[in-house]
Amino acid sequence: MSEFLNKQKESKIKFNEKKCAITDNGKKVILTRKEYLLALYLYNNANRIVSRDELLDNVWKDVCVIDRTVDVHIRHLRVKLPSANIKTFKCFGYMWSEDEE
């Protein structure tokens with residue numbers, strides 16, 4: 001079984017990549033396309049600090065945006081996905097932590 005599917009079994013947040021959908025504790029969460037891609041990228045790189053530049057290069061590769069765009073989308077994810085443990089590392093980036101807090 002893939003690492004992604006193994007992580008999904010233990011997580012409160014479930015990704016359905018075929019439908020580009022997310023559930024948090026069994027409740028469907030409505031996300032924009034970029035919010036979904038950002039959440040998925042952070043989730044797939046869990047427990048690793050991901051810089052704004054890396055997020056811009058991988059999530060916003062098709063458009064030109066300012067780096068604060070990442071901050072705004074992270075804030076939206078924290079509101080929409082309360083079970084997600086997204087940490088900020090000042091001057092370094094963000095990390096989806098699998099540790100419970």
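# Helix packing around α2

Helix α2 has 12 residues and spans 16 Å from its first C-alpha to its last, close to the 16 Å expected at 1.5 Å a residue. The expected span is 1.5 Å times one less than the number of residues. Helices (H or I, at least four residues) and strands (E, at least two) are DSSP runs, numbered from the N terminus.

The model is predicted: local features need pLDDT of at least 70, side-chain atom pairs count only at pLDDT 80 or more, and totals for chains, interfaces and linings use all residues. Residues are numbered from 1 along each chain as its sequence is written, and side-chain values use heavy atoms, with hydrogens and water left out.

**Exercise 1.** State how many helices and strands the protein chain has, and in which order the elements run.

*Solution.* Step 1: the protein chain has 4 helices and 5 strands. Step 2: from the N terminus on, the order is α-β-β-β-α-α-α-β-β.

**Exercise 2.** Describe how α2 and α3 cross, and which residues meet.

*Solution.* Step 1: the axes of α2 (residues 33-44) and α3 (residues 52-59) come within 10 Å and cross at roughly 125 degrees. Axes are lines fitted to C-alpha atoms, for helices over the stretch in contact, and angles run from 0 to 180 degrees between N-to-C directions. Step 2: angles under 35 degrees count as roughly parallel, over 145 as roughly antiparallel, 65 to 115 as roughly perpendicular and the rest as oblique. Therefore α2 and α3 are oblique to each other. Step 3: contact means heavy atoms within 4.5 Å. K34, L37, L38, Y41 and L42 in α2 meet E54, L55, N58 and V59 in α3. Step 4: by class, this contact of α2 with α3 has 6 nonpolar, 1 polar and 2 charged residues. Ala, Val, Leu, Ile, Met, Phe, Trp, Tyr, Cys and Pro count as nonpolar, Asp, Glu, Lys and Arg as charged, and the others, Gly among them, as polar.

**Exercise 3.** Find the angle at which α2 and α4 pack, and the residues that make the contact.

*Solution.* Step 1: α2 and α4 pack at about 85 degrees, with their axes 10 Å apart. Step 2: α2 is therefore roughly perpendicular to α4. Step 3: K34, E35, L38, A39 and L42 of α2 make the contact with H73, I74, H76, L77 and K80 of α4. Step 4: the residues of the contact of α2 with α4 divide into 5 nonpolar, 2 polar and 3 charged.

**Exercise 4.** Work out how α3 and α4 are arranged, and which residues meet.

*Solution.* Step 1: the axes of α3 and α4 (residues 68-80) come within 9 Å and cross at roughly 85 degrees. Step 2: α3 and α4 are therefore roughly perpendicular to each other. Step 3: R52, L55 and L56 in α3 meet R68, V70 and D71 in α4. Step 4: the contact of α3 with α4 has 3 nonpolar, no polar and 3 charged residues.

**Exercise 5.** Locate E17, and give its distance from L37 in sequence and in space.

*Solution.* Step 1: E17 lies in the loop between β1 (13-16) and β2 (21-24). Step 2: its relative accessible area is 44%, so E17 is partly exposed. Step 3: E17 and L37 are 20 residues apart in sequence and 10.0 Å apart in space, C-alpha to C-alpha.

How values were computed: Buried < 20%, exposed > 50% of the residue type's maximum accessible area, 1.4 Å probe, protein only.
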